[in-house]
Amino acid sequence: MTTTTPPVTVRRATETDLIGVSHIEKLSFPQPWPYDAFERFLGEPGFLVADDGQHVVGYVVADRVPNHGEALGHVKDLAVHPECRGEGIGRLLLSTAIERVRATGVVSVKLEVREGNDAARSLYQSFGFQPLRRVPRYYDDGEDAVVMLLELTADRE
């Protein structure tokens, strides 16, 4: 028997999505963000969810932050439900988030990723993110973070 994955739609997160987002966060990270952290990003153009028509199957939180007089895009959080990984949902979310923050006028996007999260680092590098520096003991459990930067160009799609 062949099964097909339902199509996924990426859209802005709403308050009704927060339970699903929080659930995926808890399944995905050893130190999950609290529910109210997501509430603060509602309304941001880069807080997006991937929806399969019935459930939230992934999300990304990205925004625009000040950086020495120039705005910088910042991908703060990205996760896909464990049962839906490997289907390109993370790639779709990241691509859409980058375009949303690019539309706000940023010329580069940064993020922090666990040094040991090879899958995420590989995804980010496939988009052109480059390692900028390592931050020792960035995470509460003592793991280092790698700060990665993507320079946006006018012709990048």
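The model is predicted. It has four helices and seven strands, and its 157 residues have a radius of gyration of 15 Å, which agrees with the value near 15 Å for a compact globule of that length. Below, we start with the whole chain and then go residue by residue.

**Overall fold and dimensions**

- Going along the sequence, the elements come in the order β-α-α-β-β-β-α-β-α-β-β.
- The C-alpha trace covers about 50 × 35 × 35 Å along its principal axes.

**Surface, burial and charge**

- Some 43% of the 157 residues count as buried.
- The chain's accessible surface is about 8,800 Å², and carbon and sulfur atoms hold 50% of that.
- On the charge side, there are 17 positive and 24 negative side chains. The centres of those two sets sit 4 Å apart.

**The aromatic cluster**

- Searching the whole structure turns up six aromatic pairs.
- One of them is W33 with F38, a tilted pair with 5.0 Å between the ring centres and 40 degrees between the planes.
- Put together, W33, F38, F41, F47 and Y59 make up one aromatic cluster.

- V57 is a residue of strand β3, and its relative accessible area of 5% makes it buried.
- What does V57 touch, not counting residues up to four places away in sequence? The list is V8, I24, A50, D51, D52, V80, H81, C84 and I89.
- V57 and V10 are 47 residues apart in sequence, with 10.0 Å between their C-alpha atoms.
- D63 lies in strand β3 as well.
- Is D63 buried or exposed? This aspartate is buried, because its relative accessible area is 9% and the cut-off is under 20%.
- Leaving aside neighbours within four places in sequence, D63 is in contact with F41, E44, L72, G73, H74, K76 and V101. One of those contacts, F41, is also a member of the aromatic cluster.

- D17 sits in the loop between β1 (9-12) and α1 (18-28), yet it counts as buried at 5% relative accessibility.
- Not counting residues up to four places away in sequence, D17 touches R11, R12, V49 and V56.
- H68 is in the loop between β3 and β4 (70-80). With 82% relative accessibility, over the 50% cut-off, H68 counts as exposed.
- H68 and E25 are 43 residues apart in sequence, and their C-alpha atoms are 31 Å apart in space.
- R137 is found in the loop between β6 (130-135) and β7 (145-151), and it is exposed, with a relative accessible area of 62%.
- The backbone at R137 deserves a look: phi is near 50 degrees, a positive value in a residue other than glycine.

Methods
Residues numbered from 1 in each chain as written. Predicted model: local features only at pLDDT ≥ 70, side-chain atom pairs only at ≥ 80, totals over all residues. Heavy atoms only, no water. Helix = DSSP H or I, 4+ residues; strand = E, 2+ residues; numbered from the N terminus. Rg over C-alpha atoms; globule rule 2.2 N^0.38 Å. Buried < 20%, exposed > 50% of the residue type's maximum accessible area, 1.4 Å probe, protein only. Areas by Shrake-Rupley, 256 points an atom, 1.4 Å probe, with all protein chains shown as cover. Lys, Arg positive; Asp, Glu negative; His and termini not counted. Charge placed at Lys NZ, Arg CZ, Asp CG, Glu CD. Phe/Tyr/Trp six-rings, centres within 6.5 Å; stacked < 30°, edge-to-face > 60°. Contact = heavy atoms within 4.5 Å.
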